[in-house]
Amino acid sequence: MSIVTQKSITYVNNTTTPTITTKEIDLDTCYNENEIVVKVHAASINPVDGLTHSTCNYYMGGSGLKTFGRDFSGEIIRRGKNVNVKWQLNSKVNGQFKHLWGEKGTFTNYFICNPEEVRSINTFEENNVSNKYNDYIINASWPLVFGTGYSALYEKGQVWTPESKILIIGASTSVALACVKIAKTILKIGTVVGICNSKAIEHNKEKGFDHLIAYNDPEHSTVESIQNLIKNELNGEKFDLIFDAVGNKDFFPVMDTVLKPKSTNSQYITIVGDEVMDFTNKSLFGNVSLGSFSRKLNPFRKFNYDFCMLDNLFTYMELGTTMIADGTYLPEIDSVHKFEDYQKAFDRVDSHFAKGKVVLDMSDI
Ligand SMILES: NC(=O)c1ccc[n+]([C@@H]2O[C@H](COP(=O)([O-])OP(=O)(O)OC[C@H]3O[C@@H](n4cnc5c(N)ncnc54)[C@H](OP(=O)(O)O)[C@@H]3O)[C@@H](O)[C@H]2O)c1
């Protein structure tokens with residue numbers, strides 16, 4: 001018998017505060033023949049973690065404990081006899097476990113899962129890719145945001161060339177920082193423009209954006225600045241893709257001045273909707289933007305538009321692992337928190353001020 005204490009960050013519904021709950025488990029019997037046990041070393045927080053808690057009302061959520069968390073990294077310490085040979089004892093793994101209000105989540109020291117059912121999972125080698133953070137912290141931080149940035153570029157079948165042009169609204173978001181790296185390094189897209197706070201412009205330029213526009217410019221509206229950029233810097237050429245990674249509706253009335261014609265398979269994709277989300281809003285539909293739904297369903301709209309959950313292409317784990325290993329992508333880390341300081345970490349994500357990923361270090365629990 002190998003009895004250990006499983007510690008998890010859990011909630012019941014949006015009237016209960018996140019809490020660390022504990023359970024004694026026997027590591028030799030807690031998994032079935034298709035499952036592995038991962039000793040989690042780090043887990044990163046995504047806005048969706050707060051959103052799933054805040055929208056879980058008493059009636060929808062039931063009375064069971066739900067565990068927070070999607071992104072994780074750790075080490076396989078047990079494996080069932082039917083598990084694919086890819087998943088060996090002592091292998092380092094990372095990935096994203098997609099669930100809604102599930103009993104299992106990744107903010108736990110022992111994550112028991114069937115690797116075939118985890119949203120995305122891969123092995124990684126020790127690389128010491130960062131001089132500040134260990135490989136577990138780095139590899140817990142990217143699966144969901146990298147997968148989302150990747151899907152924005154690949155999901156609509158757009159053909160990318162050095163002449164292609166992309167506009168990313170919310171250039172400082174972790175999703176955008178992954179997207180720009182894939183766009184410039186892998187797809188060799190000629191022009192990637194970002195919209196961010198004026199204070200973030202210098203920083204984001206280093207991340208690969210060709211042009212950055214401030215959304216808080218007192219002289220010009222964001223739309224005016226983008227229209228001027230198209231005229232003065234892009235030879236009048238409009239964008240092939242506008243990717244909204246923050247929540248924005250400014251361009252809808254003037255779409256024909258910024259996005260290429262629909263017939264070219266140009267796309268407007270949002271992963272948020274018309275407004276910046278309030279991740280703590282307790283109403284089930286509090287962040288639902290009706291404009292997005294009616295636009296998505298409108299058969300007469302003049303541009304390609306999608307409002308979606310992006311991360312449906314599972315090939316991103318391989319690419320992310322390769323890019324981390326060869327140094328072409330290093331996820332930005334905002335802050336690392338001890339497991340027991342989870343509330344501080346959640347608050348940081350909810351603030352909208354994080355510059356990169358907020359990660360829980362679980363190596364010593
Ligand atoms: N649908 C999906 O599949 C999916 C998947 C992943 C994420 N998401 C959503 O995508 C959004 C981004 O996620 P993330 O984890 O990448 O976020 P994040 O890293 O936490 O984003 C933080 C950044 O947002 C920027 N920001 C805040 N307000 C802004 C505004 N009004 N305009 C432009 N930028 C603003 C801030 O940069 P500045 O200093 O530049 O303001 C800040 O650094 C979230 O709403 C998340 O829920 C959706």
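**View 1. The largest nonpolar core, with 52 residues.** Inside this core, F146, L153, I166 and F243 have the most contacts. Here a nonpolar core is a set of buried Ala, Val, Leu, Ile, Met, Phe, Trp, Tyr and Cys residues joined through side-chain atoms within 4.5 Å, and buried means under 20% relative accessible area with a 1.4 Å probe, protein chains only. Among the elements giving two or more residues to this core are α4 (143-154), α5 (174-186) and β12 (241-244); α5 gives the most, with 8 residues. Helices (H or I, at least four residues) and strands (E, at least two) are DSSP runs, numbered from the N terminus.

This is a predicted model: local features need pLDDT of at least 70, side-chain atom pairs count only at pLDDT 80 or more, and totals for chains, interfaces and linings use all residues. Residues are numbered from 1 along each chain as its sequence is written, and side-chain values use heavy atoms, leaving out hydrogens and water.

**View 2. F146 and its neighbours.** Leaving aside residues up to four places away in sequence, F146 touches A178, I182, Y316, L319, G320, M323 and Y329. Contact means heavy atoms within 4.5 Å.

**View 3. The parallel pair β15 and β16.** Take a look at β15 (residues 333-338) and β16 (residues 357-361), joined by 5 bridges; strands pair if DSSP finds at least two bridges between them. I333 stands opposite K357 in β16.

**View 4. An open sheet of 3 strands, ordered β2-β1-β4.** Its pairing is antiparallel. β2 (19-26) and β4 (66-67) stand at the edges with a single partner strand each, so one side of each is left without a neighbour in the sheet. Y11 stands opposite K66 in β4.

Conventions: Buried means under 20% relative accessible area, exposed over 50%, partly exposed in between (1.4 Å probe, protein chains only).
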